Amino acid sequence: MSNALAAAAAGFGTGLSLIVAIGAQNAFVLRQGIRRDAVLAVVGICALSDAALIALGVGGVGALVVAWPDVLTAVGWIGGAFLLGYGALAARRVLRPGEEALRTDGEAAGSLRRAVLTCLALTWLNPHVYLDTVFLLGSIAADRGPLRWTFGLGAAFASLCWFAALGFGARLLGRFLTRPAAWRVLDGLVAVTMIALGVMLIVGA
């Protein structure tokens, strides 16, 4: 039992250290949490996606992906283009902050669909997600032998805790963002993060 707990704790710590890094996915979850927009759906997608990718890594799928490096290259190009587009939209909100407030009720009704599709794209079109979960966590888990799945469960639980804390805890920042200028700063940070990561993905593809 102690070995299993140690493996789970190691997986939790390793997973958390990889997930906490600032990235496109975290920036999106943070913004959705502050806006209180489709938070449960976004947190669920991020956590379940990480759990699925970690399971693939623990199961040894990483070795198969290595055999087709062109797949990651294609993902890098597509993901990079998507991040550049999302970053451009965030930059537009900085320059024209009143547009989002002018949405009609019909447009707002589609926010859940937009949030889900955006979250799926930010998660599955980012090669770094595969490198962290499928390759890195998968290789570390392999060293645990029969306890590799326990290690993977710990890493998946870390992902769930982090995204839940980020998404639902972000609303505490809402009182600091009551002024439009504060939202422009946030959108500016999101724009810089997305565009920088997009360029890095395309250059590194």
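Student: Which residues have the most contacts inside the largest nonpolar core?

Tutor: In this predicted model, they're F28, V42, L83 and M194, and the core they sit in has 24 residues. Two or more residues each come from α2 (24-35), α3 (39-58), α5 (69-95), α7 (111-124), α9 (148-169) and α10 (180-204). There's also another core lying apart from it, with eight residues, among them A10, V58, A141 and F151.

Student: What does V42 touch, leaving out residues up to four places away in sequence?

Tutor: V42 touches F28, V29, Q32, A115 and C119. Contact here asks for heavy atoms within 4.5 Å.

Student: Let's turn to the loop between α2 and α3, where R36 is placed. Why does R36 count as exposed?

Tutor: Exposed means over 50% relative accessible area. R36 comes in at 55%, so R36 counts as exposed.

Student: What makes α2 roughly antiparallel to α3?

Tutor: Look at the angle: α2 and α3 pack at about 160°, with axes 9 Å apart. Angles over 145 degrees count as roughly antiparallel, and therefore α2 is roughly antiparallel to α3. As for handedness, α2 passes α3 in a left-handed crossing.

Student: Which residues meet where α2 and α3 pack?

Tutor: Q25, F28, V29, Q32 and G33 from α2 meet V39, V42 and C46 from α3. Sorted by type, that contact has five nonpolar residues, three polar and no charged.

Student: How do you know that α3 is roughly antiparallel to α9?

Tutor: The axes of α3 and α9 cross at roughly 160° and come within 9 Å. The cut-off is over 145 degrees, so α3 counts as roughly antiparallel to α9. The crossing of α3 and α9 is right-handed.

Student: Which residues of α3 and α9 meet?

Tutor: On the α3 side they include V39, L40, V43, C46 and V58, and on the α9 side they include R148, W149, L160, F163 and F168. By type, the contact of α3 with α9 divides into 16 nonpolar residues, three polar and two charged.

How values were computed: Residues are numbered from 1 along each chain as its sequence is written. This is a predicted model: local features need pLDDT of at least 70, side-chain atom pairs count only at pLDDT 80 or more; totals for chains, interfaces and linings use all residues. Side-chain values use heavy atoms; hydrogens and water are left out. A nonpolar core is a set of buried Ala, Val, Leu, Ile, Met, Phe, Trp, Tyr and Cys residues joined through side-chain atoms within 4.5 Å. Buried means under 20% relative accessible area, exposed over 50%, partly exposed in between (1.4 Å probe, protein chains only). Helices (H or I, at least four residues) and strands (E, at least two) are DSSP runs, numbered from the N terminus. Axes are lines fitted to C-alpha atoms, for helices over the stretch in contact, and angles run from 0 to 180 degrees between N-to-C directions. Angles under 35 degrees count as roughly parallel, over 145 as roughly antiparallel, 65 to 115 as roughly perpendicular and the rest as oblique. A crossing is left-handed if the near helix is turned anticlockwise from the far one by less than a right angle, and right-handed if clockwise. Ala, Val, Leu, Ile, Met, Phe, Trp, Tyr, Cys and Pro count as nonpolar, Asp, Glu, Lys and Arg as charged, and the others, Gly among them, as polar.
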